[in-house]
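Here is a friendly briefing to read alongside the coordinates. Please have the sequence and the 3D view open as you go.

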Amino acid sequence: MAEVDCRGRTVREINAEIRGLGEGDIVVKNPAARHNLGVAILKHARVRFEGSVGYYCGGLIDGAEIEVTGSAGWGLAESMMNGTVEVRGSAGNGAAAAIRGGSVIIHGDAAARLGVSMKGGLALVAGNCGYMAGFMGQKGTLIVCGDAGEAFADSMYATTCFVGGRIAELGTDAVASKPAADEAAFLDATLARYLSAEERKSKPAGRDFQKVVAGRKLWNFDKREWKIWQEAL
Amino acid sequence: MSSERVLQSSGTFSPGVIEDIQTKAESGLYRIRGYGTLRERRWATFDDLTFLPCSLTRIPLEGYREKCSTKTVLGTRFAGKPIELGIPVMITGMSWGALSYNAKVALAKGASAVGSSNTTGDGGMLMAERENSRTLIYEVLPSRYGINVHDMRLADAIELTIGQGAKPGTGGLLLGSKVSGTIAEQRDLPIGVDQRSPARHPDFLGPDDMIIKVEEIREATDWKVPIFIKMGASRVFDDVKLAAKAGADVIVVDGMEGGTGASPAILQEHTGIPTLAAVCEARAALEECGLYGVVQLIVAGGIRDGVDAAKAIALGADAVYIGTAALISLNCNKPIYVEDYEKLGTEPHFCHHCHTGRCPVGITTQDPELMERLDIEQGAERVSNLLRAMTREIQMLARACGKSDVHHLEPEDMAALSMEASAICGIPLAGTRKVFGR
Amino acid sequence: MCGIVGYLDRKNDGDGCIGDAILGMLQALECRGPDSAGVALFAKPQDHRFVVRVKLGGEGSERKLADVADAVTATGSYARFLVDDSCDPKKMTARIEALDPGFEVVSVGRELEIVKQVGSPENLEATYGISKMRGSHGIGHTRLSTESRVDLSHSQPFWAHGYPDLAIVHNGHITNYHQLRRRYEQRGVKFYTENDSEIIAIYLGERLTEEYNLEKALRSMLRDLDGSFSCVVATAAELAFVKDPFALKPMLVAETDAFVALATEEVAIRARFPGDYRVREADVKEARVWRK
């Protein structure tokens, strides 16, 4: 287990040391919510940040497994190609923004715009998510075990969303339904994989989630859907 | 007495406006098309400036014999490895998707042959583009279509795009006929959607966050390559200062006359400020923060020839981007396949129908049959020729003004032909010794 | 666009090291606000007196203040003195500013003092010794100027001119500023800068004069002000924040038995306050008030 200490060093130095350690297990101490930690790790390293991280932790990674014991700032795992980024606390705006693949797991809450423009992969929040989660989501899966904020799944392409709690408000062109049997099974399996037994106690079963996808009324310009287009450009 | 009817249209409700209103009465939607502003240019442009070559007060250089350097270096502020170009004219970002594969490769080859550069666009990197580009700039846009850290690390520079000149403050558009199988796959979209891009970046909102984003990009590219920040020309003076404070190596301002493959017509016509005004505001902004000459400036937006480029350089640009002009060199609006122009309801020299995907010359289409009409090698040569011609034009003007380096052109090498241009550029009005409006 | 902070000391009965706390937070946010730095601190209240801080004019201009007050101290760009709190703050301000064209009353309050200037938090500390200032709570700001000038007046925090003990800091940009400003000016309200953030102070001053309810006033901002804002507000008795309806700017919140800390980035809180506590991002449209 290699150890990296952030105190008194620049982010550039810290990241260079992390990358230099190659694959294997790395603990990073005293991150103190600093920005750009663990950006562009392209090897299969397993990095644990003990404490909070700032913006873009795990951004632009491909293949790394990152864990954050505290909370995360904006743009967690943004544009990740593949890998896992797991936060024990909460995450700020734009968690899992534009991810192409991989998994983003948030055990606390996610702030606004979770999974914005996501292009693949999985974004999972054990707690609640904020305003406009899933905005313009293109592919991949978004799972919120708790409550979802306003404008949920607004203007989406083909991301599939699931919400275990209340949805404050569906976004433009978002349509809610019940998950199919295989989707419910997928939810149960995913929750079992990423959440502890303790966490799962308070979460609904897969079949009790709501499924939300795009109604596809925004997929092609059409004057007849005036009410939809009024809200979206 | 002959009974010839005299027809008079309303200046306000002209035939074009009548057609526009009646079309909207059918569709309930704003008009979408390609190309860029079609309005008659009644604002101050580069045409309102003229060069003052050497006469008695200064000595010109002999054309064709005495050297006039066109070498251009970009990214000296922070980048470990600035870009070195042979000429100050570069190809701007135009997406694979808006453009055909053949067009993208022809542009890459054509630019590379003369020491120029290519830029990816709102759809990610084509491998063929990287393979055929001597210098390739990777665009990071609000949509993040095709975003890939490995592609970023293959690029020679990263361009963080806030917006473009044709439609600042809004997102991109690619209509369904062009979201073909390969494009849809590249962009992670369903086939055939009318793709709308977001107006904002997903992970930063504001110049204060952008400071952190620029650092992230440097981290991802090992602090080697220059970071460009590109903006559509709006509040240029304020925006350029902010981009400089955010740590840009190079700032790109894209003026109102810039082109687009598809966008709402009203945005092309009524948003953004003209390129001439933009370059003057940009230079003033850099001077105010003491970074003129430290941060490089690229100017874009309707650059048509070496003259526009030379004037932009004289006003403070280190280089210019061309987009529409490069496509025109690839046969955009050429009088060939005329019956196909007619099928679109237009004619050569009047076509701005890039958004339809039915480009008669194979540039802005995803239809393989149409694309075949654009031969890559021939296209590349035409692009190279345009770039060579533009470079020679710039050199000619520079030598006439006594410069052995095109980058030595200055505002004082020009006179203004209108009061607006004098006020905007801070250059005396020809025939007076006065700068107006300051 | 900037870094903003707020801090409420819960343990020291109004005599905590708030200057030091806020300075430490600001230093961590300097990168996102390189142009100016400033604080608004609330000390133990003066007995029946207002503390007045005036931005000075040319050299020696502080002598003109002898007309309005006895013990005037001048440090850096400011003069500081006390006046009887029975006076009308608006009239007093007008009187002071009439003495010299360069004068601007930067803050008035029984507890409030605003100290701000162009440059870094370090420079602010070097000139004014912020770290030694004590009190119950305060707010701070590091500025990245967007559309207006970089000078002392345009820096933040903004005092709600004419309304004692009310200060704000703002991250974002109010996009209906000019329209609102013209309406205020029609009614005779004076603006001191071209900075859109100033209007938040004026707006809240008016709202609290109509009805003293800070949370309600913050919520009405969501309706009346357009654009992006995360805003931290302080009165003599309260520390508060509000976040805009599109969640466009960050607002991080930490609350323990010892303190409440608000900041644009968690790094500002962690850098200054060690310990095991959670920091969360405020919700869209959230407004929250703490009483001291």
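In helix 3 of chain C, the buried residues are Pro121(C), Leu124(C), Glu125(C) and Tyr128(C); buried here says that 20 or more other C-beta atoms lie within 10 Å of the residue's own, while exposed stands for 12 or fewer and partly exposed for in between, with C-beta atoms placed from the backbone. They span an arc of only 95 degrees around the axis, so they sit on the same side of helix 3 of chain C; the arc is that of the directions from the helix axis to the C-beta atoms. This is a predicted model, in which local features need pLDDT of at least 70 and side-chain atom pairs count only at pLDDT 80 or more, while totals for chains, interfaces and linings use all residues. Residues are numbered from 1 along each chain as its sequence is written, and chains are lettered from A and ligands numbered from 1 in the order in which they are written.

**Around helix 3 of chain C**

- The cover over the buried residues of helix 3 of chain C includes helix 1 (18-28), strand 2 (36-42), strand 4 (73-75), strand 7 and strand 8 (137-143) of chain C.
- Helices (H or I, at least four residues) and strands (E, at least two) are DSSP runs, numbered from the N terminus.
- After helix 3 of chain C comes Gly129(C), with a positive phi near 60 degrees.

**Domains of chain C**

- Chain C is assigned domain 1 (2-45 + 113-291) and domain 2 (46-110), with bounds that come from an automatic or database domain assignment.
- Between the C-alpha centres of domain 1 of chain C and domain 2 of chain C there are 23 Å.
- Where they meet, 17 residues of domain 1 of chain C are in contact with 17 residues of domain 2 of chain C; contact requires C-beta atoms, placed from the backbone, to lie within 7 Å.
- On the side of domain 1 of chain C that touches domain 2 of chain C, strand 7 (112-118) and helix 3 (121-128) of chain C each supply at least two residues.
- Strand 7 of chain C gives the most to that side, with 3 residues.
- By class, the side of domain 1 of chain C that touches domain 2 of chain C has 10 nonpolar, 5 polar and 2 charged residues. Ala, Val, Leu, Ile, Met, Phe, Trp, Tyr, Cys and Pro count as nonpolar, Asp, Glu, Lys and Arg as charged, and the others, Gly among them, as polar.

**Chain B as a whole**

- Chain B has 15 helices and 16 strands, and 58% of its 438 residues count as buried.
- Chain B has a radius of gyration of 22 Å, which agrees with the value near 22 Å for a compact globule of 438 residues. The radius is taken over C-alpha atoms, and the globule rule is 2.2 Å times the number of residues to the power 0.38.
- Along the principal axes, the C-alpha atoms of chain B fill a box of roughly 75 × 60 × 45 Å.
- Of the contacts in chain B between residues at least 6 apart in sequence, 66% join residues at least 24 apart.

**The sheet in chain B**

- An open sheet of 8 strands runs in the order 5-15-14-12-11-8-7-6 in chain B, with parallel pairing; two strands pair if DSSP finds at least two bridges between them.
- Strand 5 (89-91) and strand 6 (118-119) of chain B are at the edges with a single partner strand each, so one side of each has no neighbour in the sheet.
- Strand 8 (residues 157-161) and strand 11 (residues 227-232) of chain B pair in the parallel sense over 4 bridges.
- Thr161(B) is opposite Lys230(B) in strand 11 of chain B.

**Domains of chain B**

- Chain B is assigned domain 1 (46-330 + 375-425) and domain 2 (338-373), and their C-alpha centres are 25 Å apart.
- Here 15 residues of domain 1 of chain B are in contact with 10 residues of domain 2 of chain B.
- Helix 2 (residues 101-113) of chain B gives the most to the domain 1 side of this contact, with 3 residues.

**Contacts with chain A**

- From chain B, 26 residues are in contact with 36 residues of chain A.
- Helix 6 of chain B provides the largest share of the side of chain B that touches chain A, 6 residues.
- That side of chain B has 11 nonpolar, 6 polar and 9 charged residues.
- The contact between chain C and chain A takes 13 residues from chain C and 17 residues from chain A.
- Helix 7 of chain C brings the largest share of the side of chain C that touches chain A, 4 residues.
- The side of chain C that touches chain A has 6 nonpolar, no polar and 7 charged residues.

Definitions and conventions. Contact = placed C-beta atoms within 7 Å.
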